[in-house]
Amino acid sequence: TKAYFENTESWYADTVSLSPEDLADPEKAAELLTLELFECEWERVKSLFTYEVYDEDAYLVRVHPAVSGDVVIPDTYEGVPVRGISPKAFEGCANITSVTIPKGVLYISSGSFVNCPSLESIVVDKDNPRYHSDGNCLIDTESKTLIAGCNTSVIPSDGSVTSIEHHAFSGSEIGEITIPESVTYIGYYAF
């Protein structure tokens, strides 16, 4: 497996600690971040977002916990379409407030947004053929599965959700939510 840091020819580096000064400079922070090795052709750090490319499709595999505010996942990564969000990609991103998902993302793993206590908005491009957002919930349209929710989520009661995926709300700070009668399955650690 080859792993490169952006704009260098360096191989995988050992784990490093980032100081607040390091995090203030995203390019420096990206150079210092540790890449986790996965079995893939290659992977790169792009700013504070880690992508993997498999067979001409890019997957967002990790967002550094220092990322905050609104996150817009791009349509492409280095000219390759972004097709998925891996398990735990956003885990521990305590200061992310919104995520926008483009139309080309066709795979989002359960647990992708675990422990994002400030997340208040999930928006999916209206032209995405697999997913949609409603009531700040990320929903797999065909299977009627709620994949992820956030602090302001309201589960639709129109029958468009029949199951809640594992870890859908895990680590969110949602205080109260009404589960509609249409929901017949709730995955483990959903809340």
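## Strand pairing, cores and aromatic pairs in a predicted model

Strand E13 (residues 145-148) and strand E14 (residues 163-164) run parallel and are joined by two bridges. Across this pairing, Leu146 stands opposite Ile164 in E14. The model described here is predicted. Both strands belong to an open sheet of five strands, ordered E11-E12-E13-E14-E15, with mixed pairing. Strand E11 (131-134) and strand E15 (185-186) form the edges of that sheet, each pairing on one side only. As a general point, strands of a sheet pair through backbone hydrogen bonds, either parallel or antiparallel.

Thr145 also lies in strand E13. Its relative accessibility is 10%, below the 20% limit, so Thr145 counts as buried. Leaving aside neighbours within four places in sequence, Thr145 is in contact with Leu138, Ile139, Asp140, Ser163 and Glu165. With Ser163, the side chain of Thr145 makes a polar contact of 2.9 Å. Glu165 is 20 residues from Thr145 in sequence, and the C-alpha atoms of the two are 6.4 Å apart.

A further parallel pairing involves strand E8 (residues 95-101) and E10, which are joined by four bridges. Here Thr100 stands opposite Val123 in E10.

The chain has 191 residues, of which 43% count as buried. It exposes about 9,800 Å², and carbon and sulfur atoms supply 48% of that area. Of the contacts between residues at least 6 apart in sequence, 38% join residues at least 24 apart.

In soluble globular proteins, nonpolar side chains tend to be buried together. In this model, the largest nonpolar core has 32 residues, and those with the most contacts inside it are Ile85, Phe90, Ile96, Ile101, Ile108, Phe113 and Leu138. Two or more residues of this core come from each of E3, strand E4 (57-63), strand E7 (80-85), E8, E10 and E13. A second, separate core has eleven residues, including Cys137, Ile139, Ile164 and Ala190. Within the largest core, Phe113 is one of the residues with the most contacts. Not counting residues up to four places away in sequence, Phe113 touches Ile85, Phe90, Val99, Ile108, Leu119, Leu138, Ala148 and Ser170.

The structure holds five aromatic pairs. One of them joins Tyr51 and Tyr77, whose ring planes are at 15°, under the 30 degrees limit, so this pair is stacked. Tyr51 lies in strand E3 (residues 49-54) and Tyr77 in strand E6 (residues 76-77), so the pair ties together parts that are 26 residues apart in sequence. Tyr51 counts as buried because its relative accessibility is 4%, and Tyr77 counts as buried because its value is 3%. Another pair, Tyr188 and Tyr189, is edge-to-face. Tyr189 is exposed, with a relative accessible area of 59%. The geometry of these two pairs is set out below.

| Pair | Centre-to-centre distance | Angle between planes | Arrangement |
|---|---|---|---|
| Tyr51 and Tyr77 | 4.4 Å | 15° | stacked |
| Tyr188 and Tyr189 | 5.7 Å | 85° | edge-to-face |

Methods: Residues numbered from 1 in each chain as written. Predicted model: local features only at pLDDT ≥ 70, side-chain atom pairs only at ≥ 80, totals over all residues. Heavy atoms only, no water. Pairing = 2+ DSSP bridges. Buried < 20%, exposed > 50% of the residue type's maximum accessible area, 1.4 Å probe, protein only. Contact = heavy atoms within 4.5 Å. Areas by Shrake-Rupley, 256 points an atom, 1.4 Å probe, with all protein chains shown as cover. Polar contact = N/O pair within 3.5 Å; in protein donor to acceptor, adjacent residues only side chain to side chain. Phe/Tyr/Trp six-rings, centres within 6.5 Å; stacked < 30°, edge-to-face > 60°. Core = buried A, V, L, I, M, F, W, Y, C linked by side-chain atoms within 4.5 Å.
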